[in-house]
Structures are given as structure tokens and as C-alpha cells.
Amino acid sequence: MLKIAYHPIYKHPLPEGHRFPMIKYELLPQQLLYEGSCSPENFFEPEIPNDKYIVAVHEPEYFYDLLNIKIPPREARKIGFPLTEDLVERERTIADGTMKGCEFALEHGIAMNIAGGTHHAYTDHGEAFCMLNDQAIGARYLQAKGLANKILIVDLDVHQGNGTAEIFRDDPSVFTFSMHGAGNYPFKKEKSDLDLALQKSTGDREYLSLLKNTLPRLIDTVRPDFVFYLCGVDIIASDKLGTLSLTTAGCRERDRFVLNTCHTHQIPVQCSMGGGYSPNIKDIVEAHANTFRLAQEIYF
């Protein structure tokens, strides 16, 4: 059975007019249940995880400043959310959803998190709506428990996974691959193990051709025993924070190829949703829902 991490805390209240579409975390599971793609049994509710897995990735001083809401104002502004205890609890819960998803992926081949993909969180600070790097925490969790040795992170959000690149910069056991808009935030990029920076208005054909030429070779070269897939839908043309021009069908084909590749190679994959900022919330939910539909189709 496809297992999906979801908790009501994912939809965190924000000030009126905030540009982050927090409502998608409520609408996406509702849509999957309404259309019959998922049943209530597919969903599991994450909890607050053991802090030792978080401080295996993030500097303890930074983490405890987060817990105590003592992040300096300038650093807090970079995060982009008003800092509260509930917000930090939300971030910890998302990380637990990804960690538990790793276990389910090992059992069933794949697992999903309705939220996550917080790839702008560095070891010692957060930025751009990210405070704790859920997939980096998941990678360290797998390694600490002896469940995976070589890990591949496939980050296909429109924004470079700068925090993830920094966290694993000197770690050959985790290969970081980021395919993103060259003109997108972050404007000062970090160095992933492989970065593919795409020009403005790159569309379906060029994007999918590059991905299909790259990912199989990476699998053969890296030989991972676990994959983390960050499947942001901010690559579609309607996204107000993205610079690429994929259609929703092209985004779906991207997901199909990545999931088929992992399935064919029998490599467990954990998926976190990442970004999506189209003005019409229906476009965001539809693009995200496609990823879950494909997971059901391919694996179950």
C-alpha cells in the first residue's frame, strides 16, 4: 500500500496575503480522497521525532535557537514565515513524516510526504520557507540505522537545493543532483554534486530530454541503494516564482520517468512535494496530485 505522511499541522496559519499557498496541504489530501486515488488507510500521521536525528544534520545551537524562538531577527526574516512554536513543531513533524516514509519506502518501494522538500535549510540556518531539511534528515536517519549506504537525492524543484548541497558538500555517501532554473532563487548557488541550470522558458521537450539523458546514467554511476525525490511543481509555466515553462502534462511526464526509473531499478524512493506557487490553487493541487496518481499506477 502507498503510505503518505500527512498531519493537520501542515496547514499552518499565515498572515492575510502571504504568498506561500499553505492551503494546498489541506486541499491535496482532500482531492486524492475525493477522486478515489487514495483511501484513508493510505495516510499516516507523523509525530515529533527524536531530536538526535535532527542534530545529526543541523547545528545544535541553530536547532535549539529554533526551538526557543531565539533566531536573530535578520536570520528569521530569511525564513519568510513569522516564527512561532507551532511553526517549529510543524517543521519537526514534516521531518518525521519523511523519516517514517523512508521505512515505508523500504517496505513498499515508495512513500510520499504531502509536505517536505525543505531544501533551502542549511546546517546552521534556514531560508526561503525552509527551517529543517527533511530529506537530509531522512538520509542521515537511514544511514544511522544501517538501512542505506549510498544515497541519491534527485531535486527537480525549480529552485536549486542549496541547503542540501551545503549539508552534503564533503560527503561522498550522498550524491546531490539539482536540476533547476538558472535565473531562479537562490541567486548565489551552492555546488551540488551535479547541477543542471536551465535557461528561462525551458519547456517540456528540452527539459524531459535532458532528464532522460541524465538520470539513468546517474543511477548507473552512483549506484544508490535509496533515492530521495524532491518533486516540486514550480517548474510549470504558470508558476509565479519559477522561470521555466513546462506544461502540467510535462511535469507529469517528469514524475512518471523518475518513478519508473526507480521502480525498474528496484531502488526505494521517498518523495517530498517541494514548491508550487501558481496563482490558481487548482493548478498547484492538480500538478501535485499527478505525482500520487502515478505512484499508485506504477507501484500498486
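Reader: Which residues line the largest cavity?

Author: Rolling a probe the size of a water molecule over the atoms shows where empty space is left. In this predicted model, the largest cavity is lined by Gly-117, Thr-118, His-119, Asn-133, Asp-134, Gln-135, Ile-153, Thr-164 and Leu-230. By class, that lining holds two nonpolar, six polar and one charged residues.

Reader: What is the volume of the largest cavity, and how many cavities of 30 Å³ or more does a search of the whole structure find?

Author: The volume of the largest cavity is about 30 Å³. The search finds one cavity of 30 Å³ or more.

Reader: How much space lies in the largest pocket, and which residues are closest to its centre?

Author: The largest pocket holds about 410 Å³ of space. Its lining has 29 residues, and those closest to the centre are His-120, Ala-128, Phe-129, His-159 and Tyr-277. By class, the lining of the largest pocket divides into 13 nonpolar, 11 polar and five charged residues.

Reader: Which helix gives the most to the lining of the largest pocket?

Author: That is H5, with three residues. Helix H4 (73-79) and helix H5 (85-108) each supply at least two residues of this lining.

Reader: What lines the second largest pocket?

Author: The lining consists of Pro-13, Leu-14, Pro-15, Glu-16, Gly-17, His-18, Arg-19, Phe-20, Pro-21, Met-22, Ile-23 and Lys-240. Seven of these residues are nonpolar, two are polar and three are charged. The second largest pocket has a volume of about 190 Å³.

Reader: Which residues of H1 are buried, and where do they fall when seen down the axis?

Author: Lys-24, Tyr-25, Leu-28, Pro-29 and Leu-32 are the buried residues of H1. Seen down the helix axis, they fall within an arc of 130°, so they line one face of H1.

Reader: Is His-288 buried or exposed?

Author: His-288 is buried, because its relative accessibility is 1% and the cut-off for buried is under 20%. His-288 sits in helix H10 (residues 281-299). Between His-288 and Leu-194 there are 94 residues in sequence and 25 Å in space, C-alpha to C-alpha.

Reader: How many disulfides does a search of the whole structure find?

Author: A disulfide is a covalent bond between the sulfur atoms of two cysteines. The search finds zero disulfides. Take Cys-130: the closest cysteine sulfur, in Cys-231, is 14 Å from its own sulfur, too far for a bond. Cys-262 is in no disulfide either, and the nearest cysteine sulfur, that of Cys-271, is 7.5 Å away.

Reader: Are Cys-130 and Cys-262 buried or exposed?

Author: Cys-130 is buried, with a relative accessible area of 5%. Cys-262 is buried too, at 2%.

Reader: What is the phi of Phe-129?

Author: Most residues other than glycine have a negative phi, and most peptide bonds are trans. Phe-129 is not a glycine, yet its phi is positive, near 70°. Phe-129 lies in the loop between strand S3 (110-113) and helix H6 (134-144). At 11% relative accessibility, Phe-129 counts as buried. Phe-129 is also one of the residues closest to the centre of the largest pocket.

Reader: What is the phi of Ser-201, and where does this residue lie?

Author: Ser-201 has a positive phi of about 75°, although it is not a glycine. Ser-201 is in the loop between S6 and helix H8 (204-222). With a relative accessible area of 45%, Ser-201 is partly exposed.

Reader: Which residues does a cis peptide bond join?

Author: The cis peptide bond joins Tyr-185 and Pro-186, with omega about 0°. Pro-186 is in the loop between strand S5 (174-181) and strand S6 (194-198).

Terms used
Residues are numbered from 1 along each chain as its sequence is written. This is a predicted model: local features need pLDDT of at least 70, side-chain atom pairs count only at pLDDT 80 or more; totals for chains, interfaces and linings use all residues. Side-chain values use heavy atoms; hydrogens and water are left out. On a 1 Å grid over the protein atoms alone, a cavity is a set of points where a 1.4 Å probe fits but cannot get out, and a pocket is an open set with protein on both sides within 12 Å along at least five of seven lines; lining residues have an atom within 4 Å of a point. Grid points are joined across faces, edges and corners, and a volume is the space filled by probe spheres set on the points. Helices (H or I, at least four residues) and strands (E, at least two) are DSSP runs, numbered from the N terminus. Ala, Val, Leu, Ile, Met, Phe, Trp, Tyr, Cys and Pro count as nonpolar, Asp, Glu, Lys and Arg as charged, and the others, Gly among them, as polar. A disulfide is a pair of cysteine sulfur atoms within 2.5 Å. Buried means under 20% relative accessible area, exposed over 50%, partly exposed in between (1.4 Å probe, protein chains only). The arc is that of the directions from the helix axis to the C-beta atoms.
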